[in-house]
Amino acid sequence: MYNKSLKLNTTLMSSSSMFNFRVHRCQPELVQPAAPTPHEIKLLSDIDNQECLRFYFPMIFMYHLEPSMTKKDPVKVLRHALSQTLVYYYPFAGRIREGAGGKLMVDCNGEGVMFIEAEADTTLDQFGDSLHPPFPWFQQLLDDDVHGTQQIIDHPILLIQVTRLKCGGFIVSLNINHTISDATGLKQFMNAWAEMARGAHQPSIQPIWHRELLMARNPPHVTCNHREFEQIILPPNTVKKEDATTIVHQSFVFTPAHVAAIRCLVPIHLRQCTAFDLITACFWCCRTKALQLEPNEEVRMIYTVNARSRLNANQSSLVGYYGNCSAFPVAVTSAGNLICGNPLGYAVELIKNAKAQVTEEYMHSLADLSVIKERCIYNTIRSCVVSDMTRAKYENVNFGWGEAVYGGVVKGGAGPLPGATFIVPHKNAKEGLILLITCLPYEDMKRFAEELDKMFGNQNQPTTSGPSFVMSSL
């Protein structure tokens with residue numbers, strides 16, 4: 001059981017950052033569908049086509065030894081199951097092409113997914129308490145430089161490394177081209193892959209393409225306010241902090257007691273809000289204070305909202321849809337307004353109002369905007385992006401070796417969004433623990449931790465101190 005009076009650790013390095021091990025990789029190979037698949041061109045939707053999704057997103061899944069599987073090689077099992085899964089998800093075995101006006105499409109040519117077999121001279125137990133993000137050693141498990149994942153065009157859509165461990169466990173690391181799938185879609189693919197590894201003849205959920213659901217209208221017309229794309233012009237010669245200082249990555253553990261304590265800080269009419277809203281509001285306020293901004297400077301909080309349930313289409317027709325179906329509404333205010341008076345209740349209100357903007361019309365308007373403006377770019381100045389990954393349940397992906405010890409994101413930051421923050425279930429999620437994974441310049445991170453301590457300390461509840469954290473410089 002976790003100690004509810006966790007003491008905030010101000011040490012700037014953890015055991016995970018000093019842990020070294022060796023990995024031997026075999027030559028990369030291409031895994032192709034196990035049976036013939038259609039050779040065709042499939043257009044990505046205008047939501048998929050957004051500039052902010054044109055990057056590879058890393059994920060990791062870690063598994064213990066399963067005694068009943070000792071005679072089976074996870075590499076062979078997963079490689080074979082992958083080829084079977086690609087018969088149903090054959091666009092993953094294709095290549096992204098770019099057409100006129102920057103329109104992306106998938107050339108379903110069956111070239112295959114890049115797959116690497118590897119072995120590491122370590123056990124899961126030797127990772128100690130570092131079986132949660134950030135993972136400073138992730139590049140040993142999937143090296144971007146080897147696979148050339150800086151460019152998404154004409155490259156494998158999915159890159160996978162399966163690494164055997166000395167203990168009999170293994171680690172699955174992957175990079176996925178975000179234009180083809182969002183977190184929900186990737187989880188659907190991973191579940192299908194895991195089912196095939198366990199002996200299924202076909203996925204329990206049949207994948208559907210249907211990207212026409214989120215194509216721009218003809219003619220396109222923007223009907224909603226998309227402030228996430230507003231660009232701020234900085235004065236000449238301004239140097240961004242993240243360009244001039246060392247960025248550190250850090251995880252904060254929130255217990256049920258911490259969430260309950262945050263809930264007590266907001267007005268009564270807001271106390272039924274989700275834990276995600278509360279932690280996000282707490283994060284936004286403390287982060288803003290840590291950045292030491294002027295009161296009149298504008299700050300933004302951008303959220304990832306899964307819009308599947310907000311589309312008016314027959315929900316049964318969306319079962320199996322694995323494309324991007326997320327919006328990024330934004331809350332905007334000044335630093336002074338956010339951190340004065342009752343900042344937490346004010347922040348929660350802003351968050352709830354921004355999320356409520358996402359409707360079916362909002363999604364169509366977003367698709368139209370991406371066509372009219374071509375490659376809209378999110379404003380990253382004094383902005384942070386928060387994504388709720390607690391419902392994805394990546395740890396449930398079971399290839400036959402049981403649930404993952406950890407399954408999910410690798411660290412804070414994502415492609416063109418260096419300040420991206422993730423809220424995920426902790427490996428002890430049965431105890432209700434939640435992990436906030438973020439990154440900030442070194443000095444700002446120290447101040448952020450101090451602000452968290454102050455927020456909890458100001459409640460006159462000496463038995464509840466700020467969330468504990470581990471951090472690694474990447």
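The following questions and answers concern a predicted model of a protein.

Reader: How many helices and strands does the protein have?
Author: In this predicted model, 57% of the 474 residues count as buried. The secondary structure of the protein comprises 12 helices and 19 strands.

Reader: Which elements do the buried residues of helix 2 pack against?
Author: Helix 2 covers residues 74–88, and its 15 residues should span 21 Å at 1.5 Å a residue; the end C-alpha atoms are 21 Å apart, which agrees. Its buried residues are Pro74, Val75, Val77, Leu78, Ala81, Leu82, Ser83, Thr85 and Leu86. These buried residues pack against strand 2, strand 7, strand 8, strand 9 and helix 4.

Reader: What separation do the C-alpha atoms of Thr122 and Leu165 have?
Author: Thr122 is located in the loop between strand 7 and helix 3. Its relative accessible area is 1%, so Thr122 is buried. Thr122 and Leu165 are 43 residues apart along the chain, and their C-alpha atoms are separated by 5.8 Å.

Reader: Is Asp154, with its positive phi, buried or partly exposed?
Author: Phi of Asp154 is near 65 degrees, a positive value in a residue other than glycine. Asp154 lies in the loop between helix 3 and strand 8. Because its relative accessible area is 46%, Asp154 is partly exposed.

Reader: What is the relative accessibility of His210?
Author: His210 is not a glycine, yet it has a positive phi of about 45 degrees. His210 is found in the loop between helix 4 and helix 5. It counts as partly exposed, at a relative accessibility of 33%.

Reader: Why is helix 7 described as oblique to helix 12?
Author: Helix 7 (residues 275–291) and helix 12 (residues 442–457) have axes 8 Å apart and pack at an angle of about 130 degrees. Angles over 145 degrees count as roughly antiparallel and those from 65 to 115 as roughly perpendicular, with the rest, apart from those under 35, being oblique. The two helices are therefore oblique to each other.

Reader: How many residues in the contact of helix 7 with helix 12 are nonpolar?
Author: Helix 7 passes helix 12 in a right-handed crossing. Residues making the contact include Cys282, Phe283, Cys285 and Cys286 of helix 7, and Phe448, Leu452 and Met455 of helix 12. By class, the contact has no polar residues and five charged, while the number of nonpolar residues is nine.

Reader: Which residues is Met455 in contact with, leaving aside its neighbours within four places in sequence?
Author: Met455 lies in helix 12. Its relative accessible area is 13%, so Met455 is buried. Leaving aside neighbours within four places in sequence, Met455 is in contact with Leu265, Cys282, Cys285, Cys286 and Leu344.

Reader: How do helix 7 and helix 10 cross, and what classes of residue make up their contact?
Author: Their axes come within 9 Å and cross at roughly 120 degrees, which makes helix 7 oblique to helix 10. The crossing is right-handed. Among the residues in contact are Phe276, Leu278 and Trp284 of helix 7, and Pro343, Val348 and Ile351 of helix 10. The contact has 12 nonpolar, one polar and three charged residues.

Reader: Which residues of helix 10 are buried?
Author: Helix 10 covers residues 343–356, and its 14 residues should span 20 Å at 1.5 Å a residue; the end C-alpha atoms are 20 Å apart, which agrees. The buried residues of helix 10 are Pro343, Leu344, Gly345, Ala347, Val348, Leu350, Ile351, Ala354 and Lys355.

Note on methods
Residues are numbered from 1 along each chain as its sequence is written. This is a predicted model: local features need pLDDT of at least 70, side-chain atom pairs count only at pLDDT 80 or more; totals for chains, interfaces and linings use all residues. Side-chain values use heavy atoms; hydrogens and water are left out. Helices (H or I, at least four residues) and strands (E, at least two) are DSSP runs, numbered from the N terminus. The expected span of a helix is 1.5 Å times one less than its number of residues. Buried means under 20% relative accessible area, exposed over 50%, partly exposed in between (1.4 Å probe, protein chains only). Axes are lines fitted to C-alpha atoms, for helices over the stretch in contact, and angles run from 0 to 180 degrees between N-to-C directions. A crossing is left-handed if the near helix is turned anticlockwise from the far one by less than a right angle, and right-handed if clockwise. Contact means heavy atoms within 4.5 Å. Ala, Val, Leu, Ile, Met, Phe, Trp, Tyr, Cys and Pro count as nonpolar, Asp, Glu, Lys and Arg as charged, and the others, Gly among them, as polar.
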